[in-house]
Amino acid sequence: MEPLLSVDEAWTFLELYRAREGLTEGQLEDNRQAFDLFLGRQQAAAATTSGPGDVLGQRLSDAASGCDSDVSSVRSEPRRPWAWASRASRRRSSARSGRAGAGAQAGAQIDVDTCGKALRWLGWDSSYELFMQITGDVDLDLSGRIDCQEFNKLVRMYNEREIKELQLQLSLLGVPDGDFKADVSAALADKLLAALGFGEGERTEVLHGLLLHDRSQVCDVFQLVSAVRDLRHAARRTCRDNEGFSPAKVAELEAAFLRCRGPGNGLERDMVAGSGLTRLLTNHFAPKDGVKSVDWKQVLGLLPGYEPSRGRDVLTFRHFLQLKRIWRDQEDQHKCAKEQTAIANVGFTPGEVREFRRIFVESDIGYQDLLDYLAVQGILERICTMGDRLKQEFRSAWLEVMATKYGRCSDVIDFPEFLKLMRKLIDVDFAGIKCRMIS
């Protein structure tokens, strides 16, 4: 019986699969659309920006232009039984098409800030430091810019994280690790969905889709994981219409919005004004430096083209979502600026910064981009046993690094401050840390 694939065809398939990062054509098309959209926005911003930019700073790069390419452009040619060189040429052509993957301009690049926005538009959101860690694993040349193939790698890595999360939850429920044919009861499937944060309606939808109408019925792990992934994919697709926010986050923000609306203000349901508007802006846009109030005129001014309605400031829920996204992007840019300043001051190499970030993110259980005092002490206790003397030395170093902080609890530390603390501990050779780092 003739094999379905020859060795040459199988090799071509594997090369193309690797070049496409294991993503489907639908996923690659989504990536291309996101990459092109935000590449265009970056180029437009670069064209209209003069000087150093606004208070948030601009880190826009000029994108290189090139020839058009598309993943689906790989031609199907008749098999030629002669000349391996001809086959190798076709394989290289296929791989190049796969590597082009996304982006209408071959060689085009987006900066890291723009990349984060594109990922959120696709529904792949994460904490800032986790995003920077994953990006650092992809941006191997440390250019601070992401090309089409690297963007596909990022999406693939987010996909892998989602699958690992599902596998972890399954193992916690006693399902054998890696056995995708293992039976899962409806009751166990419901527990898994609840652990993953799905609401009652979503859990019912998944169970009915798997034909699990009775708690004693079963499906296999592969069917359950596929159903969860499909539901999450559908949820992610809504993010592009909701400023990059997930359905759960949109529901949370809508509830907060409606609480500030107040009864009998003569406005439609999706509008707030007056004291309700002031309360809403103060709750969600107050600076994190101990200031209790907020200049809401300045905040509303962040909205492109915003104008008062009939002489008074009115905010719709759509405007509120836009403001939350703008504010989140500003916070990320401020984090980036603070981090770059810290990196310049501490003198660590890019590789050292990457490893310190990995340690920081692994210890940040809730992905809040903050570690408390005991968490950092726990990191050091992996290196050495800390007696009373070392604990006192660590406390002194911590207080020295945090001495200039204002308006925030001194018992938590962000990544730039973590780098400064590590620099301080290395400089004083805390517990012989220099020799331990060399070894």
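Guide: Welcome! A residue counts as buried when its relative accessible area is under 20%. Keep in mind that this is a predicted model.

Visitor: Why is Phe257 called buried?

Guide: Its relative accessible area is 1%, and the cut-off is under 20%, so Phe257 is buried.

Visitor: What makes Phe320 buried or exposed?

Guide: Phe320 has a relative accessible area of 0%, so it is buried under that cut-off of 20%.

Visitor: What makes the aromatic pair of Trp124 and Tyr158 tilted?

Guide: Their planes are 35 degrees apart; under 30 would be stacked and over 60 edge-to-face, so the pair is tilted. The centres are 6.0 Å apart, and pairing asks for centres within 6.5 Å. Trp124 is in the loop between α4 and α5, while Tyr158 is in helix α6, 34 residues apart. Both Trp124 and Tyr158 are buried.

Visitor: Which parts does the aromatic pair of Phe257 and Phe320 tie together?

Guide: This pair is also tilted, at 5.7 Å centre to centre and 35 degrees between the planes. Phe257 lies in helix α10 and Phe320 in helix α13, so the pair ties together parts 63 residues apart in sequence. Phe257 and Phe320 belong to one aromatic cluster with Phe285, Phe317 and Trp327.

Conventions. Residues are numbered from 1 along each chain as its sequence is written. This is a predicted model: local features need pLDDT of at least 70, side-chain atom pairs count only at pLDDT 80 or more; totals for chains, interfaces and linings use all residues. Side-chain values use heavy atoms; hydrogens and water are left out. Helices (H or I, at least four residues) and strands (E, at least two) are DSSP runs, numbered from the N terminus. Buried means under 20% relative accessible area, exposed over 50%, partly exposed in between (1.4 Å probe, protein chains only).
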